[in-house]
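The following paragraphs lead from the overall arrangement of the chain to a few of its local details. Please keep the sequence and the model at hand while reading.

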Amino acid sequence: MRKIAYVLAALAATGAGTYLIVYLYRWQWQRALICGVLLLIIEVMLFGLVTLGRLNRIEERLRDTDRRQRELDARQEDVLTRLREPATAREETRFRWLEDPADRSFVFVPVLMVAGVVLSGLAWVVQKLASTTAGPAERRLAGRLAVLAAPDPAASGDLEDLPAPGSGRRTARVATVGALSVALLAVLIVALADLTQTRGEETNEHEATSVLVQVDLRGTDLSTGRRALAAEQIWERCRDSTSAPLKHAPLGELGDGMFAGVVRPALTDHDLMRLRGCLEDATLERAHLTVVAVNDVESGDDSR
């Protein structure tokens, strides 16, 4: 269950971090702030899960230690009780067969001697077979243990200067993993920097840019005046979101929740992305603005 929680939290953190970068790239600050807060909550939750798991393991170790201590105390008490018993109570009869009547025939010692002779013969046969068949196995074992053999004392150099057996491959693996990690991190940083940096762009040759937006409201008051007020508030807030302030950018109502704005001078691609992100960002309560279309307007063609 804990592993499932870790997997779900990791997936949620990955999604929140991805959308955080996406919303920052789109200049949608409110949504980026929400994703950042969600990512922080997930990280705190993961930290709490890890801390709780460690506390549970510590508690289990303490319980095991207490149980072992109780068992040890019980054994000590048992031994102490036996030591304190009288000698007569602990006395037991050993080798009862020696006390049996003398008319019995005792064959224990002869049987034991014969069994010893038979076992010695079997051991000799097993030894001969083992010495005959152990040659190849010993050679393979010696080959495997050759890496652990001490270096030749007659060789030049100090023994402390020689590398440990197997350290070369381990060092190579660590170096390879480290190089791949550094390369992956560098690619990620370069890609994020390329997506989020602001570049200088050429001026748009058109006269103006027309922006067609739609306002959607939630709640009881869905009147035309309420839509117009919401559109005006969002539009005015986004007038300074571009690199050049939108001083001459009127917003006209087209009906049915549709509004059109004309921006002069014409917007570049980066400024258009910043304006779109600002307009579509969730900043006004119970109101959402969607950019439907964007067109460049030639001189004398403001009706588009």
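Helices (H or I, at least four residues) and strands (E, at least two) are taken here as DSSP runs and are numbered from the N terminus. Read along the sequence in these terms, the protein follows the pattern α-α-α-α-α-β-α-β-β-α-β, with seven helices and four strands. The model is a predicted one, in which local features need pLDDT of at least 70 and side-chain atom pairs count only at pLDDT 80 or more, whereas totals for chains, interfaces and linings use all residues. Residues are numbered from 1 along each chain as its sequence is written, and side-chain values use heavy atoms, with hydrogens and water left out.

Of the 304 residues in the protein, 18% are buried, where buried means under 20% relative accessible area, exposed over 50%, and partly exposed in between (1.4 Å probe, protein chains only). If a contact is taken as heavy atoms within 4.5 Å, then among contacts between residues at least 6 apart in sequence, 70% join residues at least 24 apart.

The residues of the contact of H1 with H2 divide into 20 nonpolar, four polar and three charged, counting Ala, Val, Leu, Ile, Met, Phe, Trp, Tyr, Cys and Pro as nonpolar, Asp, Glu, Lys and Arg as charged, and the others, Gly among them, as polar.

Helix H1 also holds Tyr-19 and Tyr-23, four residues apart, about one turn of the helix. The structure holds one aromatic pair, and Tyr-19 and Tyr-23 form this pair, which is tilted, at 5.8 Å centre to centre and 35 degrees between the planes; rings of Phe, Tyr and Trp (its six-membered ring) pair if their centres lie within 6.5 Å, with planes under 30 degrees apart counted as stacked, over 60 as edge-to-face and the rest as tilted. Tyr-19 is partly exposed, with a relative accessible area of 48%, while Tyr-23, at 14%, counts as buried.

Further along, Glu-207 is found in the loop between helix H5 (167–196) and strand S1 (208–217), and Glu-207 is partly exposed, with a relative accessible area of 39%. The C-alpha atoms of Glu-207 and Ala-266 are separated by 5.7 Å, although these residues are 59 apart along the chain.
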